[in-house]
Structure formats: structure tokens, C-alpha cells
Amino acid sequence: MGGLTEDPAFRATTFVVIDFETTTPTGYPAQPIEVAALALRYQDGGWKETGRSASLIRPPAFAPVTPADTAQTGLTAEQLQQAPAPAGALGALDRRLTAGTPYLLVAQHAATEAGIIHHQAEHCPTLARTDFLDTIPLAKHLIPNLPNYKLDTLLAHFGIPQPPDRHRAYADVDVTAKVFLQLISAADNNPQFADLAALVKTAGRTAKANRPVQGGLFDV
């Protein structure tokens, strides 16, 4: 392997691939109905899974599961009725992030996952302060000229089979992780990616909670 995986900062980081399924109520931000996360660490010349989590989430009354949601995910209102509320599901995930460990979240089109986490920050304050790597800009840099950079296109490019339960969070996390590892392998052989900082420069997304607060013109 190349310089990226030799970088001490890269080796110290736990990469947490995360995915949500949501409802999209009119007039409100997307509300999570399922979350899955897979933690990966590069150790001893290879990748090691260090944690895995998945949970259904009961949506609030203003964001019921619609027939379109069920058609995409297979999840029904009846299935979610007994699921934990966001505070329980996301709080449990948040508590799995060990204090002092450097983390980066990984997602396909990270703006979506980042937005969901930001709106649920009261339930997952550590997640809300964790920055992202986005597989899309990384793929665009490493694999130019694909027709698009949707997850299904990247799966086809890398020869990764589509899971039968595509659009469930735990299945999408698994295949997103496989795409991420393929991209890291390509980056590791690219001299432009000598360290984690170069990876973040290309594909990083700063969590909104970590962005500087910009005062208005008339703030004292």
C-alpha cells in the first residue's frame, strides 16, 4: 500500500460508515426511521471492523410512513410503532463513540446524513460534532468520467453485488463501506493522497456544529 495508509493520523482514525432511511414530511426536515453504522479501522496492514449498530426509529406523528416510503424501504408504520424514538436510538449510537478517539463519519452524499444528524443533535451531540468524508467527491476525483456517481453506479463500477434489501440502512451501510474501501485502495496508490489531510481536503465535510459562527453586520 501507499502513503495514505502509512499516515499516523489515518491509522489513528476510526471511520464510521453511516446511513439513514427517512420520511420526508412537508414543511419539516427529513425524519429518520432507520439508522445503521459500521466502524472500521486500518490496523496491521488491513481493515478491521470495530463496531456495528442498526436500529429502527419511530418517527414523530407529523412524519408518518407513507406508501412511497414503504415501497422504497419495505418498512411499514406497524413495524416502526414499537421502535425506539430518535432520542433512544440515536442516543444509544452516540454513546458508542469512545471519548478521545478520532472519528470521521463516512457516507454516500454526506450532506443528507449530515443534515439529519444536525437536526437531531440534541439526541446525538457527539455525532453532531463529528466531521464527514463523502464518497461522491472522492469517487469523482479518483474515477473521472463515470456517467454519474450514484451508489448503484459505483457498485456496478467496482463489481459489488446489489443487496436484495437495498434501501435498508444496514444493507446500504455494508455496500457503502465496500465502495469506501475500494476508493481508499485507489487513493492509497495515488500520490496526491499522501495523508489523511489530503483525503479530507478532497472529500471532507465539516459538521455544522464545528463551523465558525459568523456574526451579522450589526452584532456587537
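Colleague: Why does Phe-180 count as buried?

Modeller: This is a predicted model, so the value is computed from predicted coordinates. Phe-180 has 1% relative accessibility, and buried means under 20%. Phe-180 therefore counts as buried.

Colleague: What makes Phe-15 buried?

Modeller: The relative accessible area of Phe-15 is 0%. The limit is under 20%, so Phe-15 is buried.

Colleague: Why is the pair of Phe-15 and Phe-180 called tilted?

Modeller: The ring centres are 5.6 Å apart, and rings pair if their centres lie within 6.5 Å. The planes stand at 50°. Stacked needs under 30 degrees and edge-to-face over 60, so this pair is tilted. Phe-15 belongs to strand E1 (residues 14–23) and Phe-180 to helix H9 (residues 169–188), so the pair links distant parts of the chain, 165 residues apart.

Colleague: Which residues do ring pairs link into a cluster with Phe-15 and Phe-180?

Modeller: Phe-10, Tyr-42 and Trp-47 belong to that cluster along with Phe-15 and Phe-180. The structure holds eight aromatic pairs.

Colleague: How do you know that E1 is largely enclosed by the rest of the structure?

Modeller: Nine of the 10 residues of E1 are buried, so the strand is largely enclosed.

Colleague: Which strands pair with E1, and in what sense?

Modeller: E1 and E2 pair in the antiparallel sense over 10 bridges, with Asp-19 opposite Ala-36 in E2. E1 and E4 run parallel and are joined by four bridges. There, Val-16 has Leu-105 in E4 as its bridge partner.

Colleague: What makes E3 and E6 edge strands?

Modeller: The open sheet has six strands in the order E3-E2-E1-E4-E5-E6, with mixed pairing. Strand E3 (46–56) and strand E6 (204–205) each pair on one side only, and these are the edge strands.

Colleague: How do you know that E5 and E6 pair?

Modeller: Two strands pair if there are at least two bridges between them. Strand E5 (residues 132–134) and E6 have two bridges, in the antiparallel sense, so they meet that limit. Leu-133 stands opposite Gly-204 in E6.

Colleague: How many bridges join E2 and E3?

Modeller: Strand E2 (residues 31–43) and E3 pair over 10 bridges in the antiparallel sense. Tyr-42 stands opposite Trp-47 in E3.

Colleague: Why is Asp-44 called exposed?

Modeller: Asp-44 has a relative accessible area of 82%. Exposed means over 50%, so Asp-44 is exposed.

Colleague: What is the phi of Asn-145, and why does Asn-145 count as exposed?

Modeller: Phi of Asn-145 is near 75°, a positive value in a residue other than glycine. Asn-145 is found in the loop between H7 and helix H8 (151–158). With 76% relative accessibility against a limit of over 50%, Asn-145 counts as exposed.

Colleague: Why is H7 called roughly perpendicular to H10?

Modeller: The axes of H7 and helix H10 (residues 196–203) come within 8 Å and cross at roughly 100°. Roughly perpendicular covers 65 to 115 degrees, and that makes H7 roughly perpendicular to H10.

Colleague: Which residues meet where H7 and H10 are in contact?

Modeller: Pro-137, Leu-138 and His-141 in H7 meet Leu-199, Thr-202 and Ala-203 in H10. By class, the contact has four nonpolar, two polar and no charged residues. Helix H7 (residues 135–142) also lies across strand E4 (103–107) and E5, at about 45° to E5.

Colleague: Why is Gly-115 called partly exposed, whereas Ala-128 counts as buried?

Modeller: Gly-115, in helix H5 (residues 110–119), has a relative accessible area of 25%. Ala-128, in helix H6 (residues 125–128), has 11% relative accessibility. That is under 20%, so Ala-128 counts as buried.

Colleague: What does Ala-128 touch beyond residues up to four places away in sequence?

Modeller: Ala-128 touches Ile-117, Ala-121, Ala-207 and Ala-209.

Note on methods
Residues numbered from 1 in each chain as written. Predicted model: local features only at pLDDT ≥ 70, side-chain atom pairs only at ≥ 80, totals over all residues. Heavy atoms only, no water. Contact = heavy atoms within 4.5 Å. Axes fitted to C-alpha atoms, helices over the stretch in contact; angles between N-to-C directions. Parallel < 35°, antiparallel > 145°, perpendicular 65-115°, else oblique. Nonpolar A, V, L, I, M, F, W, Y, C, P; charged D, E, K, R; others polar. Phe/Tyr/Trp six-rings, centres within 6.5 Å; stacked < 30°, edge-to-face > 60°. Buried < 20%, exposed > 50% of the residue type's maximum accessible area, 1.4 Å probe, protein only.
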